[in-house]
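Hi,

I am passing on the structure we talked about, with a few notes on its sheet and helices. Have a look when you get a moment.

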Amino acid sequence: MSCHAEQELSTPEMLQGHIELHHHLFGYLKSMALRCAADLGVPSAIHRRGGAATISDIAADTGVHLAKLPHLRRIMRVLTGAGIFAANDEPSSPADQDGDAAGETVYTLTPPSRLLVGDHATCNMAPMMRFLAAHGGVSAWEMTKRDSSYSRALNEACAGDTSFVMDIAVREGGDVFRGLSSLVDVGGGHGAAAMAIARAFPHIKCSVLDLPQAISEAPADGTVNFVAGNMFEYIPPANAVFLKVYIYSLIHNYFLK
Ligand SMILES: C[S@@+](CC[C@H](N)C(=O)[O-])C[C@H]1O[C@@H](n2cnc3c(N)ncnc32)[C@H](O)[C@@H]1O
């Protein structure tokens, strides 16, 4: 099969196109490396070391066996190239077979990896990342009915992401909620968004509507009212309906059917 592109593209354009295709084809390696680093607790390990750690520090603190140091180093290099971590090399050190200055590269956190520090931090994105890495590409809503652990993982992932974003949204754009006395978060999962709104505006009566499998696991502490149901059949009355992020695609798909 001949390559017709040769007649239309210059050699530099062909090479650049080839490189770009490879970037996309192997882009999943970054996601996999990111998941490995998060599962190992690398961001927290670096944070505990005062924000800077060598590969040996990271291995010691995350329980990675010395025999696996080259693998860990490769993961850190991929993620450093992707901007998840930053690295300072000591130029005078001899390079090892992976091309790193052995034991001397000091890894530091960048804003994306700082968001992955800690198991229960308010802005902890790790559950979302684990969820996407494990279940990306699979239709989510049917799965939540069949598999309660999947449903729990989805809602934990959303809650971690939502708490982080909503604290900022309420702080920076809270004016949109002024004047409301009631609000219903449709497809609100475990209520992270509604809780952030209720905390910032205690006079707003906040409810969350979601499917029974999500509501049954929701942390009902009285801050918001949870209602189990299908939004295409019933939405509890309120001054305002709140829809956040992922739910748009759901509605879009529903009306396409
Ligand atoms: C990806 S989560 C987003 C949760 C929340 N809006 C957020 O941004 O954190 C989507 C939620 O929509 C819910 N959902 C899906 N179909 C629904 C339906 N027909 N009626 C009500 N909720 C639904 C799911 O159970 C899930 O909790």
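Two strands count as paired if DSSP finds at least two bridges between them, and the strands (E, at least two residues) and helices (H or I, at least four) are DSSP runs, numbered from the N terminus. Please bear in mind that this is a predicted model, in which local features need pLDDT of at least 70 and side-chain atom pairs count only at pLDDT 80 or more, while totals for chains, interfaces and linings use all residues. Residues are numbered from 1 along each chain as its sequence is written, and side-chain values use heavy atoms, leaving out hydrogens and water.

First, the sheet. Its 3 strands form an open, antiparallel arrangement in the order β1-β3-β2. At the edges sit β1 (52-54) and β2 (85-88), each pairing on one side only. β2 is joined to β3 (residues 106-109) by 4 bridges in the antiparallel sense, and A86 has T108 of β3 as its bridge partner.

Now the helices. α5 (residues 55-62) lies across β1 and β3, where contact means heavy atoms within 4.5 Å. The axes of α5 and α6 (residues 69-81) come within 10 Å and cross at roughly 110°; axes are lines fitted to C-alpha atoms, for helices over the stretch in contact, with angles from 0 to 180 degrees between N-to-C directions. That makes α5 roughly perpendicular to α6 (angles of 65 to 115 degrees). On the α5 side, I55, I58 and A59 take part, meeting L69, L72, R73 and M76 of α6.

Best wishes

Notes
Angles under 35 degrees count as roughly parallel, over 145 as roughly antiparallel, 65 to 115 as roughly perpendicular and the rest as oblique.
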